[in-house]
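This briefing is intended to be read alongside the sequence and the coordinates. Please keep both in view while working through the points.

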Amino acid sequence: MSDIEGVYEDLEADVSLEEFREAVEEKVEQMGGLADEETAAMLIAHEIGESEVGGVADVEPGMEEAKFVAKVIDIGELRTFERDGEDEDGRVVNVEVADETGSIRAAFWDDHAAAATEELEEGQVLRIKGRPKDGFSGVEVSVDEVEPDPDTEIDVQISDTHTVEALSLGLSSVNLVGVVLDTDSVRTFDRDDGSEGKVANLVVGDATGRIRVTMWDERAEQVTAFETGDTVEVIDGYVRERDGSLELHVGNRGAIEDVDADVEYVPDNTPIEDVEIGETVDIAGVVRSADPKRTFDRDDGSEGQVRNIRVQDATGDIRVALWGEKADVDVGPGDEVALADVEIQDGWQDDLEASAGWQATVTVLDSDAEAGAGAGTDAGAADGGDEHAGLSSFADGAGSATADDGSTTTGGEDDGETGADADRNDPEPGEETEFTGVVVQAGDPVVLDDGETTMSVATDVDVGLGEEVTARGVVRDGRLEASDVF
């Protein structure tokens, strides 16, 4: 056995002995006699081992080269572009390929692009060698070499319409039909080039799950046309990742349209009695009580808002903090709600509470079972006084009070200035003071709200959202530097 064959035997890669010999000969020639055949064989074996990946999911931008086998899912259009300093236009075709581990976009350039439009077919299995890089919709590969591999089977289904469950990072040309679970407002932002961009979100679900849909620029305005419960089709979307979760994005090439279709979305709700701190869960139930919305100033000068509701199911109840735009959801006692992706946190008096932030979905359900809703509301009324006792400081500042029957009465702006307003003396800089309020932001800094104003507090003490605390210390630069928190 030759040295080349010995190295080849130890090589765990899908390459023929003849191809390996040719590569070794080229390496010897390139090195100008500085390496014998055995050394060249070992170098080639190392290069092959570095580039061969186990699946599409293993392809990473930092790799110099990647070799993998994948099935053609979608073939894009041939596009031409001008190259600087060259008379001949460049050509490119984006081809979506996938295996059982995921999907990726493969960019075919120039001659490869022309061949791709003429010879490739959906469902065809290819052996690809290329250079990975970060693309607009995730990792993509610029193809250097490609050849058909009819002997390899890849268990990936090709469908005109995807399901939420079937989506994977890097997938593009996605069509998905789902029911709208939540919508957001249109937001504007400044791009690096000085132009203004627009973005909006909605959440859609089907029988296999739910996903956040992010719409950009012209498509962002479409969010105002949809309401919770509408059935829509996302056309030509692409999948990206944000904070560990997949999102479906829609640019100017894509669209979202109303469709006449029956789509069932059944959330996998966790019973309230089973939730644990640190979990992100879905819960559903009847609203027992709803506090007024509160606004507060963040440390960066922006204004935030939060609203607390208490939700009850057959196993128990929990307070839910609705943050940001979620605080504007029109929900009140007796409404049935579904809350998805809420984070369970340590709340007031070691009681658990759910936090519904930007990633959460709040859906007010149409109730066909009024008796069930009434039962939940009556249960809340029976002990509402006790439940509200611990939260009264958060509600009372807005002029609300809890009656003995659990109902809530709210004083309006016509009530005039309260005694607390008249007696209030804001602390002077450098003055030691005490400030008592409810925690509306836990972290650095802590933000307290006493019903009339907010105070940023610098402290190392761990506090929970909704907890009523008193901070004692010196006010500097608008922040209370606490020496004691109790």
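The model is predicted. The protein is built with 8 helices and 27 strands, and 43% of its 486 residues count as buried.

**Overall architecture**

- Among contacts between residues at least 6 apart in sequence, 57% join residues at least 24 apart.
- The protein exposes about 25700 Å², and carbon and sulfur atoms supply 41% of that area.

**The second largest pocket**

- The volume of the second largest pocket is about 540 Å³.
- This pocket is lined by 22 residues, of which Arg105, Ser172, Asp236, Tyr238 and Arg253 are the closest to its centre.
- Strand E1 (66–75), strand E3 (90–99) and strand E11 (231–242) are the elements that give two or more residues to the lining.
- By class, the lining of the second largest pocket comprises 5 nonpolar, 9 polar and 8 charged residues.

**Aromatic pairs**

- The structure holds 3 aromatic pairs, among them the pair of Phe81 and Trp109.
- The ring centres of Phe81 and Trp109 are 6.0 Å apart and the planes stand at 90 degrees, so this pair is edge-to-face.
- Phe296 and Trp323 form an edge-to-face aromatic pair, with 6.1 Å from centre to centre and 85 degrees between the planes.
- This pair, too, links distant parts of the chain: Phe296 is in strand E15 (residues 294–297) and Trp323 is in strand E17 (residues 316–323), 27 residues apart.
- Phe296 is buried, with a relative accessible area of 4%, and Trp323 counts as buried at 16% relative accessibility.
- Buried requires a value under 20%, so Trp323 at 16% falls in that class.

**Lys129 in strand E5**

- Lys129 lies in strand E5 (residues 125–135).
- The relative accessible area of Lys129 is 18%, so this residue is buried.
- When residues up to four places away in sequence are not counted, Lys129 touches Glu65, Ala66, Lys67, Val143, Asp144 and Glu145.
- A separation of 6.8 Å lies between the C-alpha atoms of Lys129 and Phe68, although these residues are 61 residues apart along the chain.

**Asp58 in a loop**

- Asp58 is placed in the loop between helix H3 (37–51) and strand E1, the latter being one of the strands that contribute to the lining of the second largest pocket.
- With 42% relative accessibility, Asp58 counts as partly exposed.
- The C-alpha atoms of Asp58 and Gly102 are separated by 9.2 Å, and the two residues are 44 residues apart along the chain.

Note on methods
Residues are numbered from 1 along each chain as its sequence is written. This is a predicted model: local features need pLDDT of at least 70, side-chain atom pairs count only at pLDDT 80 or more; totals for chains, interfaces and linings use all residues. Side-chain values use heavy atoms; hydrogens and water are left out. Helices (H or I, at least four residues) and strands (E, at least two) are DSSP runs, numbered from the N terminus. Buried means under 20% relative accessible area, exposed over 50%, partly exposed in between (1.4 Å probe, protein chains only). Contact means heavy atoms within 4.5 Å. Accessible areas come from the Shrake-Rupley method with a 1.4 Å probe; for residues, only the protein chains shown count as cover. On a 1 Å grid over the protein atoms alone, a cavity is a set of points where a 1.4 Å probe fits but cannot get out, and a pocket is an open set with protein on both sides within 12 Å along at least five of seven lines; lining residues have an atom within 4 Å of a point. Grid points are joined across faces, edges and corners, and a volume is the space filled by probe spheres set on the points. Ala, Val, Leu, Ile, Met, Phe, Trp, Tyr, Cys and Pro count as nonpolar, Asp, Glu, Lys and Arg as charged, and the others, Gly among them, as polar. Rings of Phe, Tyr and Trp (its six-membered ring) pair if their centres lie within 6.5 Å; planes under 30 degrees apart count as stacked, over 60 as edge-to-face and the rest as tilted.
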